[in-house]
Structure formats: C-alpha cells, structure tokens
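Please keep the sequence and the model side by side while reading.

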Amino acid sequence: PIGSRLVTVEWGRMQQQVFPVAIRLEAHDRDGLLRDVAQLVAEDHVNMTSESAITHPDRTAIIKATLEIGDLRTLSRIMNRLERIKGVQAVSRDMS
C-alpha cells in the first residue's frame with residue numbers, strides 16, 4: 001500500500017549562525033561595572049568571546065568586548081540595555 005514505507009524522521013535543531021561584533025563602552029568607573037556588563041550580556045544568552053577594560057586617571061573606563069550576535073535586532077537590544085547600566089555614557093560598535 002502507498003505510504004507503508006514512510007519513515008518518520010526528525011531533523012536536529014539548526015544552530016543559528018552568529019557573527020563576531022566588537023563593541024565599545026565608555027563609562028564612569030565603579031565597583032561592579034564589568035560584572036554588570038557581563039551579566040547583562042549573559043542574560044540575553046549572547047556569548048562574549050573577548051573583553052578588555054582600561055581605567056584612566058580621571059576614572060573613565062573604556063570596555064571593549066566581542067559578542068557573538070545572530071541578528072541586528074539582538075545587537076540593537078543589547079546596546080540599548082547596556083546604555084542603561086549605571087555610569088555608562090556611550091555604547092557603540094568598535095570599528096578600530
């Protein structure tokens with residue numbers, strides 16, 4: 001009979017393709033700043049593959065990070081949320 005030789009199959013979940021995106025945060029340095037940045041990124045289920053932070057004598061901090069981003073909507077959402085962290089003055093793509 002027709003259909004008697006059909007086999008049910010399930011395909012594995014396709015993993016979303018991600019791209020490395022470098023970002024730069026300028027902020028007033030404070031205890032817990034880097035933790036807050038890392039926590040926010042992790043809460044959004046985004047992988048942070050690198051991070052560096054420099055604090056200048058005037059207590060301004062520059063944080064550079066590379067995030068694995070799947071789409072522009074996710075990048076925009078994370079950047080907007082990072083801007084709301086206490087002490088953060090600017091968030092941008094790092095083109096350097």
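Leaving aside residues up to four places away in sequence, Asp44 touches Arg77, Ile78 and Arg81, where contact means heavy atoms within 4.5 Å. The model is predicted, so that local features need pLDDT of at least 70 and side-chain atom pairs count only at pLDDT 80 or more, while totals for chains, interfaces and linings use all residues. Residues are numbered from 1 along each chain as its sequence is written, and side-chain values use heavy atoms, with hydrogens and water left out.

Asp44 itself is found in the loop between helix H1 (33-43) and strand S2 (47-55); helices (H or I, at least four residues) and strands (E, at least two) are DSSP runs, numbered from the N terminus. With a relative accessible area of 14%, Asp44 is buried, a term that stands for under 20% relative accessible area, as exposed does for over 50% and partly exposed for values in between (1.4 Å probe, protein chains only). The side chain of Asp44 also makes a polar contact, at 3.3 Å, with the side chain of Arg81; such a contact is a pair of N or O atoms within 3.5 Å, of which, within protein, one must be able to donate a hydrogen and the other to accept it, and residues adjacent in sequence count only if both atoms are side-chain atoms.

Helix H2 (residues 72-83) has 12 residues and reaches 17 Å from its first C-alpha to its last, close to the 16 Å expected at 1.5 Å a residue, the expected span being 1.5 Å times one less than the number of residues. Its buried residues are Thr74, Leu75, Ile78, Met79 and Leu82. Because these cover an arc of only 125° around the axis, they lie on the same side of H2, the arc being that of the directions from the helix axis to the C-beta atoms. This buried set packs against strand S1 (19-28), H1, S3 and strand S4 (88-93), whereas Leu72 and Arg73, on the other side of H2, are exposed. At the N-terminal end, H2 is capped by Asp71, a side-chain oxygen of which lies 3.2 Å from the backbone nitrogen of Arg73.

His45, in the loop between H1 and S2, has a phi near 60°, a positive value in a residue other than glycine, and His45 is exposed, with a relative accessible area of 75%. Arg59, in the loop between S2 and strand S3 (60-69), has a positive phi near 70° and is partly exposed, with a relative accessible area of 43%.
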